[in-house]
Amino acid sequence: MAERKVIDARGSFCPGPLMELIAGIKLIEIGDELEVLSSDKGSSSDIPEWVNKVGHEIVSNTEEDGVWHIVVRKTK
Amino acid sequence: MKILIVGGGMGGTILANNLARRLKGELSSGKAHITMLSASDKHMYQPGLLYVALGRMSADELYRDQASLLEPGINFHVDPVEEFNLDNNNVKTKSGKTYDYDIIVIATGSRAVPENIPGLAENSINVYTEQAALNFYQTINSFEGGRIVIAVGVPHKCPMIPPELTFTLYDFFNDRGMGDKVSIHYTYPIGRLHALEPVANWMQGEFATRGVTSETLFNMKEVDGDKKVVRSEEGSEVEFDLLVAVPAHKGMEVVESNNLGASGWIPVDKKRLNIEGHDNAFAIGDTTNIPISKAGSTAHFEAEALAENIASMVKIGQPVRDYDGKVFCFIEAGKDKATYAMFNYNNPPDPKPPTKSLHWFKMAYNNLYWASARGLL
């Protein structure tokens with residue numbers, strides 16, 4: 001059963017949500033997921049840009065009350 | 001109330017000194033005790049490592065005796081912790097002693113782990129230890145020209161190091177009349193030149209002026225020392241004559257071996273700084289998992305907030321304030337100009353153009369730091 005962990009990067013300017021994801025994805029198993037919470041609108045495009053380039057998978061990318069929830073699955 | 005502080009770096013030292021001042025009466029009466037355990041009798045000013053690497057500071061200037069920085073009333077022992085028993089409120093140390101506590105603060109810091117990328121440690125230079133910084137200087141001092149590549153791992157402490165390395169190396173070689181022999185190629189893990197967007201925007205112009213090339217979305221995967229190339233997770237490959245690494249970091253091994261956090265990053269509440277699941281155990285500085293800069297200033301401001309809270313826990317039985325996420329980082333923009341980034345959880349940074357006066361303030365801070373460590377500044 002795939003695990004999903006949350007990275008709460010709301011209010012994180014440095015290193016920021018994408019770098020937190022890059023650091024966090026090293027710590028999970030292939031098939032597991034990370035849900036990044038971000039208060040920065042840029043994350044909704046920055047994160048998918050990196051995920052697609054490196055070859056992981058975007059599971060979902062939604063916004064609710066000014067918080068972006070981006071779920072990434074580790075594929076390799 | 002027994003307060004135990006594990007780690008004698010910036011966070012632990014400022015916390016201990018700040019607490020000792022707030023609890024002066026309680027320390028005298030015996031109502032409170034502060035003990036600090038560290039792996040070293042020396043305190044290192046880590047930002048000085050960049051200057052050692054550039055030949056602008058000698059290594060001995062990085063250190064002071066830890067005991068000389070501590071307020072009276074703090075019991076300091078060079079006796080590293082080997083076992084954390086947070087459920088039983090004690091730790092066991094290398095000497096075999098057991099220290100009980102009522103409140104513990106873990107401030108053990110972080111370390112660069114270039115060995116975690118195949119080929120990186122043996123084929124690159126970095127500034128993260130005294131030995132590495134000394135080797136860095138020897139290497140650049142004898143470099144006869146070619147392509148310098150800067151490659152950045154995640155996470156790392158001192159977020160300003162990638163641009164600072166770029167600008168200071170540019171000036172180092174230009175000052176030696178080697179500007180036409182040396183090219184600098186900067187790589188960075190995300191889709192812009194720096195985590196902080198204003199800094200990234202500023203860097204673009206500065207890179208253009210200096211002819212520094214760059215590639216973003218570049219996360220090191222491996223280094224081939226024979227072919228002198230560094231390859232990325234994203235599938236690209238960059239040739240180098242000299243590879244300058246900002247390696248990824250981990251927390252200290254003792255944190256990992258005691259299962260306090262994956263890769264040594266301890267999960268804490270980002271405002272109260274308590275370790276998840278514990279009301280009397282805290283962590284500050286690099287070793288937390290808070291999505292915030294791993295920087296001395298982070299440790300400094302966390303320590304101030306936590307000292308106020310621990311003191312109020314002793315005096316009135318509860319904490320009184322939240323850490324607001326404050327970070328302040330100088331940015332050296334070459335040999336004689338600097339700027340800074342200051343932000344917190346609610347207010348983004350807004351760095352101004354670099355000036356000479358801010359560079360000199362940073363130079364002054366290299367010495368004023370010792371007043372900060374003593375909790376005075």
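Strands β1(A) and β2(A), the latter covering residues 33–38 of chain A, run parallel and are joined by 5 bridges. Within this pair, R4(A) stands opposite E33(A) of β2(A). The model is a predicted one.

- Strands of a sheet are held as pairs by backbone hydrogen bonds, and the pairing may be parallel or antiparallel.
- In chain A, 4 strands form an open sheet in the order β1-β2-β4-β3, and the pairing is mixed.
- At the edges lie β1 (4–8) and β3 (57–64) of chain A, each of which pairs on one side only.
- From one strand to the next, the twist averages 15 degrees.

**Helices on the sheet**
- Helix α1(A) packs on the sheet and touches β1, β2 and β4 (67–73) of chain A.
- The direction of α1(A) makes about 160 degrees with that of β2(A).
- Helix α2(A) also packs on the sheet, where it touches β2, β3 and β4 of chain A.
- The direction of α2(A) makes about 10 degrees with that of β4(A).

**Contact between the chains**
- Chain A gives 19 residues to the contact, and chain B gives 24 residues.
- On the side of chain A that touches chain B, the elements giving two or more residues are α1 (17–25) and α2 (43–54) of chain A.
- The residues on this side of chain A comprise 12 nonpolar, 3 polar and 4 charged.

How values were computed. Residues numbered from 1 in each chain as written. Chains lettered and ligands numbered in written order. Predicted model: local features only at pLDDT ≥ 70, side-chain atom pairs only at ≥ 80, totals over all residues. Contact = placed C-beta atoms within 7 Å. Nonpolar A, V, L, I, M, F, W, Y, C, P; charged D, E, K, R; others polar. Pairing = 2+ DSSP bridges. Axes fitted to C-alpha atoms, helices over the stretch in contact; angles between N-to-C directions.
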